[in-house]
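Reader: I have a structure to go through with you. Can we look at it together?
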Amino acid sequence: MSENAIEFTKVQKRYGAVTAVDDISFGIRRGELVTFLGPSGCGKTTTLRLVAGLELPTAGQVLIAGKDVSKQPASERNVGMVFQSYALFPHMSVMDNVAYGPVIRGGNKAEAVARGREILSLLGLSGLEERLPSELSGGQQQRVAVARAIVQQPDVLLFDEPLSNVDAKLRRRVREEIRDLQRRFNLTAVYVTHDQEEALAVSDRIVVMSNGRIAQIGTPSDLYERPNSRFVADFIGDANLIEGTVEAGQGGPIFRADDAAMQLAGDATPGKATLSIRPERIALRAGEGQLQGTIETATYLGGRTEYRVGTPFGPLLVSAPATAPTHKVADRVAVEIAPDAPTIVEHERKQ
Amino acid sequence: MRRLGEAIERAGGLWLLAGLVAVVLLPWYRIAPPPLEGGTTMLGSALAEGLAGRLWLLPVVAAMLALAAMRGVAGERWRAHGATLPLAVAGLALLIFQAFAVGLRGPSVDWIAALAPAASLGQTGIGLGGFLAGLAFCGLIADALAARGFCRGDRFASAGVVIVVALLSLFVFFPIFKLATASLVRPDGTLAFAAFGERLMAGDLWGTACLYSSARCGVVVNTLILGILAGVISTALGLALALLVARTSIPFKNTLRAVSILPIITPPFVVGVAIVVLFGRTGLVTGWMYDWFGIVPSRWIYGLPGVLLAQVLSFAPVTFLVLLGAVEAINPTLEEASKTLGARPLATFRTVTWPLLRPALAAAFLLAFIESLADFGNPIVLGGGYEVLSIKIFFAVVGARYDLGNAAMLAMILLALTLGAFWLQQRWVGRKSYVTVTGKSDAGLYAPLPKAMTIPVALAAVSWVAVTLGVYAVIVIGGFVTDIGRWDLTPTFRHLSTAFSFEVGMDGLRLYGSAWNSLQTTLWVAAIAAPLTTAIGILTAYLVSRQEFFGKRAFEFGTMLSFAIPGTVVGVSYVAAFNVPPVDITGTAAILIICFVFRNMPVGMRAGIAALAQIDRSLEEASQTLGARGMASMRTVVLPLVRPAIFTAMIYSFVTAMTAVSAVIFLVSARHNMATAYIMGRVENGEYPLAIAYSAVLMIIMIVCVLLISLVIGRRKLGRRTELQGVAAPAAAI
């Protein structure tokens with residue numbers, strides 16, 4: 001546990017009667033980029049602010065670099081933060097912004113400027129030292145904000161929705177830049193976003209939050225392929241959620257819903273359950289099969305086509321690659337679910 | 001800076017060091033207390049005095065020493081230790097207790113005399129040591145609270161909250177409390193409910209005879225009649241001016257706006273004096289009226305008409321500004337919609353514009369009403385036999401029959417009326433505003449004023465402008481001619497030299513004029529009060545709009561409340577509270593400064609809140625994550641960005657300190673006289689030209705100072721801008 005850069009133990013944050021973050025515990029390893037993902041109001045930003053020291057926990061313990069900082073305000077912690085609005089000081093030049101931290105912490109001005117120059121050149125901002133933030137482009141502003149946050153070699157670098165002010169077209173590039181930077185400087189980073197695609201793209205691990213609690217922690221593929229709850233399955237990517245019962249069968253467990261049944265791979269205890277199947281793990285084929293369906297809608301999306309298919313399990317969302325044969329509305333098709341695709345996300349044992 | 005700060009921090013922090021110095025080294029009392037048997041102590045500090053026999057000081061000293069011991073025993077994180085907060089609170093409580101328990105003439109609690117015989121000698125008011133010790137205890141309490149997570153652990157903010165609360169308690173609420181007690185308690189300390197009831201019910205307060213006969217009304221009724229009339233007329237006039245500026249194409253709009261600033265820099269009395277010069281029995285206009293129309297001169301101006309005229313002249317500009325904002329905030333498309341639906345201009349005005357203006361009209365009315373209740377300068381010059389509360393309070397304290405109990409009771413009535421109006425303003429008007437301005441820009445043009453309304457509106461405005469110009473012409477000319485009242489316009493510097501004669505001789509500059517003393521005091525007080533007012537106002541704004549802490553609502557309410565207390569009430573309450581130990585500061589310059597600071601602080605606070613609302617909170621958070629503690633963050637990020645608010649607060653508090661009269665009139669002394677009090681003396685003696693000359697000088701000084709302040713604060717802004725263009729700007733100039 002001691003190699004963790006950040007350690008939360010039963011942390012709670014209340015504002016009067018409202019509990020923003022409730023009893024959360026997690027650890028973030030050194031050099032790791034962990035994303036907090038969830039819908040707005042889930043407590044992810046509060047968690048980030050608890051790491052920064054901009055909020056102090058009502059209960060529980062926050063360790064940064066092995067030190068208990070639960071009662072220490074932001075100014076006494078060694079964290080760097082990149083704000084959603086960048087929060088560059090409008091009355092200071094780029095250099096003044098970047099050197100602000102070292103100088104305000106009592107460092108030598110000349111050293112701070114030298115260090116600032118170095119960081120700025122590493123981020124490709126040389127020559128802009130004397131500009132005002134208002135004279136920079138959005139992307140440059142963001143890089144200045146990052147430079148300012150990492151100039152003091154923080155124990156942890158925090159990103160609060162850093163892409164929300166970036167053009168949709170540029171987002172992919174900027175998030176790659178952030179990931180690249182984090183690896184290059186071997187920084188421990190905490191990243192907050194509500195965009196699941198962004199989270200899957202940048203993270204080593206993702207913490208999914210819901211209603212102030214942690215819903216699931218795991219690598220992007222863990223979360224996508226083995227969601228442990230309806231919420232996670234639904235929030236990350238698209239999912240077909242089917243309610244039914246698991247029964248013991250001869251060739252392994254059988255899942256039954258309404259009039260239909262399917263064989264499950266692996267083990268599953270009997271009882272009521274919710275099954276999640278990703279739309280791209282279902283294939284459609286003209287003709288007859290074990291599971292029969294009718295195309296209800298077909299939506300052409302360029303790189304893929306999405307179908308809604310009526311089946312005995314109810315309507316299923318199917319995402320077919322552009323290379324697959326196309327089907328028309330009202331076509332009868334065979335629906336083929338990959339054997340390892342169904343994941344049980346909610347389970348209630350039989351009494 | 002930071003290194004020094006850390007060294008102090010290692011030694012236990014600024015507050016602890018200051019507290020130790022305060023109790024061990026600094027003189028505890030402002031004036032040396034009655035000597036003890038062992039003679040006077042050398043330092044006069046709490047420790048020395050306590051050891052010499054004033055035993056009640058020792059627990060306070062012990063609390064401070066115990067806190068120092070805590071630092072030694074509990075180490076670096078001693079502030080979070082369970083015993084620190086109780087110790088600091090106990091220290092402050094002991095300090096306050098001993099200050100009240102042993103008064104000037106001896107102990108008010110018997111057992112203290114039994115324990116410490118020296119108590120029967122009494123003690124004087126606390127001085128440097130006592131104040132600093134109190135401040136240090138507050139700071140230590142704040143530190144200990146911050147260590148427990150108060151204000152998110154920010155020690156600067158926590159200290160700000162605790163110290164502002166302590167200062168407001170001492171200089172706003174404690175005096176009001178003493179005032180309430182003074183109205184209920186006889187000088188010998190017994191409760192006097194019967195006397196209070198008798199006074200409260202007296203006919204000279206509530207009589208309404210004037211409404212149906214020629215007899216006089218009670219003073220409360222008089223005050224209310226004046227307030228309501230002044231409110232209604234000022235609001236109507238303000239509306240007329242606002243409509244004229246916003247909805248017609250008259251020329252000289254900017255002149256009108258500029259003229260509306262004048263009353264703010266006009267010293268009190270002088271408008272009243274000018275009105276007497278114009279409309280008095282021997283006044284200029286009165287004379288013309290007799291010559292041209294045969295109207296027999298009378299003293300009609302003294303009493304309700306004169307006071308009302310003077311107040312309307314002073315308040316209409318304020319209501320004008322409030323209503324101009326409201327008229328300009330109406331979305332023009334609403335009026336256009338009304339027209340497309342078939343309403344004629346007058347109908348549109350009646351059904352759309354007027355209802356939308358109603359909340360602003362109510363706000364303007366209440367503002368003028370409150371100002372009228374608090375007004376002191378105009379009634380005293382023009383009131384004649386028409387008595388209002390503020391005047392009656394003044395004469396109960398300053399007049400031949402000194403009766404603090406009666407003054408206190410009258411002040412409580414005035415306070416109740418004002419707070420009632422203030423409450424209405426906050427409650428009712430505050431919620432009922434129709435904001436029709438949105439971020440989106442609406443196409444559409446303002447509807448011109450309906451023709452039927454143009455003529456009455458213009459007439460009202462023209463007569464206001466005429467009287468205002470007349471009044472200010474008298475002010476500008478009056479001081480520099482022989483006797484403007486008799487239309488003797490021979491230019492002379494006689495009045496000016498009476499006030500401000502000086503000589504440059506062998507031994508330097510010598511000031512002979514009778515007004516130099518008051519002018520110097522005024523400038524000093526204004527110059528010291530302005531930055532203090534600004535500092536505490538902006539600090540409070542920062543705490544209210546940027547910090548989250550327990551009891552914030554009450555904190556906000558308390559600061560706003562101090563805004564609503566009329567100056568006369570503040571004056572009497574200061575007399576009631578600060579004439580005797582433990583805080584006996586009447587007659588000093590300090591009480592003048594303190595009075596201005598706490599009366600004007602809410603203005604700085606409002607300006608600060610408005611400015612801070614424009615600044616993204618994440619800027620301060622960014623500076624905090626970069627390692628700036630509360631104070632550094634304030635200095636490097638907040639203050640540079642709220643410079644316009646600082647400017648406003650500085651100007652306002654400076655100008656008010658030069659023109660305010662209602663509170664200071666109770667607080668001036670022979671040594672520390674203020675310009676306004678001096679002018680009032682001249683007015684009472686009938687030396688009108690001298691009063692006018694002095695007022696003109698004050699106005700010139702104010703204009704010059706406003707320009708100077710704007711130059712100092714404004715130039716830095718310019719410097720910033722040139723710095724942006726220059727390449728060689730010093731990097732990291734923090």
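Reader: Which residue of chain A forms a salt bridge with R629(B)?
Author: E76(A) does, with the closest N and O atoms 2.5 Å apart. A salt bridge here is a side-chain nitrogen of Lys or Arg within 4 Å of a carboxyl oxygen of Asp or Glu. This is a predicted model, where local features need pLDDT of at least 70, side-chain atom pairs count only at pLDDT 80 or more, and totals for chains, interfaces and linings use all residues. Residues are numbered from 1 along each chain as its sequence is written, chains are lettered from A and ligands numbered from 1 in the order in which they are written, and side-chain values use heavy atoms, without hydrogens and water.

Reader: How many salt bridges does the rule find across the interface of chain B and chain A?
Author: The rule finds 2.

Reader: Which elements of chain B give two or more residues to the side that touches chain A?
Author: α1 (2–10), α27 (617–625), α28 (630–641) and α31 (688–725). Helices are DSSP runs (H or I, at least four residues), strands are E runs of at least two, and both are numbered from the N terminus.

Reader: New topic. Which element gives the most to the nonpolar patch?
Author: α14(B), with 4 residues. The patch is on the surface and includes W288(B), W487(B) and L489(B). Its members have over 30% relative accessible area and no salt bridge; like charges are joined within 9 Å, nonpolar side chains (Val, Leu, Ile, Met, Phe, Trp, Tyr) within 5 Å.

Reader: Why does L489(B) count as partly exposed?
Author: Because its relative accessibility is 37%. Buried is under 20%, exposed over 50%, partly exposed in between (1.4 Å probe, protein chains only). L489(B) sits in strand β4 (residues 488–491) of chain B.

Terms used: Accessible areas come from the Shrake-Rupley method with a 1.4 Å probe; for residues, only the protein chains shown count as cover.
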